Amino acid sequence: MITIKNSAQIAKMREAGALLHDVLTQLKGKIEPGITTKELDRFAEKLIRAHGAVPSFLNYEGYPASICTSVDSQVVHGIPSNQTVLREGQIVSIDAGVILDGWQSDSALTVPVGRISEEAQRLIDVTEQSFFAALEVAREGNRISDIGHAVQQYVESRSFSTVRALCGHGIGREMHEDPSVPNYGIPGHGVRLRRGMTICIEPMIAAGDYHVKTLSDGWTVVTTDGSLCSHYEHTIAITDGEPELLSLPGYHKEEKR
């Protein structure tokens, strides 16, 4: 069931989003060769709890950490570990969520570890830009498939592929609510977007083929061909005009042109 939020509820989600943005910004500054992904996890949990919030991911359906740290060909749900030491030239996707006063926010970004190849940087850039292409059609009256079509069209025209086995989602008091928000598809299909809907758009973009598999830990999803993958996500609210980025405070459309 899709839940429509009122202005007071969206204000609560805006507060959660602002906190999450701060956490991810500080995490991004910690990423460098030699740091372990478990160190990043501990740092994130400390920040989140210091502000009276709870990490959404910790113990969610048994997930054992506060953030997801997915390196190189790992698409999503990489489990932080003391054994995973980040190396120069890698890329790492950080996915995190918070619960503040009962309301959720979810966001992700992919960060270079030191100096990376031009192609890896292009993958990161195209992934982020595909999100903003999708944001353009996340308008009241459009349909959910318009979002996925915008991602797919942007990405494939730049010779990358959009992962199809995973998707974005509704969000509110629960981390995963209806509707599902695919990153591909034919426009004009699915649920019609309504003011007060809150959703997460999260392109997961592979440098090679879009097929993925889950590793034996039951969580970590990787590209089947071993190609690099990048992830970018924000929580947004559908309005009667431009959508609001709840997990990117201070966003101005002009800056992304």
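Residues are numbered from 1 along each chain as its sequence is written, and side-chain values use heavy atoms, with hydrogens and water left out. Because the model is predicted, local features need pLDDT of at least 70 and side-chain atom pairs count only at pLDDT 80 or more, whereas totals for chains, interfaces and linings use all residues.

Side chains of opposite charge can pair when their charged atoms come close. A salt bridge was defined as a side-chain nitrogen of Lys or Arg within 4 Å of a carboxyl oxygen of Asp or Glu. The search of the whole structure returned eight salt bridges.

One of the eight salt bridges joins Glu 244 to Arg 14, with the closest N and O atoms 2.6 Å apart. Glu 244 lies in strand 15 (residues 244-245) and Arg 14 in helix 1 (residues 7-30), so this pair ties together parts that are 230 residues apart in sequence. Helices (H or I, at least four residues) and strands (E, at least two) are DSSP runs, numbered from the N terminus. Both partners are partly exposed: Glu 244 has a relative accessible area of 26%, and Arg 14 has 37%.

A further salt bridge links Asp 41 with Lys 38. Here the closest N and O atoms are 3.4 Å apart. Both residues belong to helix 2 (residues 37-50). They are three residues apart, and therefore separated by about one helical turn. Asp 41 is buried, at 2% relative accessible area. Lys 38 is partly exposed, at 21%.

Arg 164 and Glu 156 also form a salt bridge, their closest N and O atoms being 3.7 Å apart. Arg 164 is partly exposed, with 29% relative accessibility. Glu 156 is likewise partly exposed, with 39%.

Cysteines were examined next. A disulfide was taken as a pair of cysteine sulfur atoms within 2.5 Å. The search of the whole structure found zero disulfides. For Cys 68, the closest cysteine sulfur is that of Cys 200, 13 Å away and too far for a bond. For Cys 200, the closest cysteine sulfur is in Cys 167. That separation is 11 Å, again too far for a bond. Cys 68 is buried, with a relative accessible area of 4%. Cys 200 is also buried, with a value of 0%.

Key. Buried < 20%, exposed > 50% of the residue type's maximum accessible area, 1.4 Å probe, protein only.
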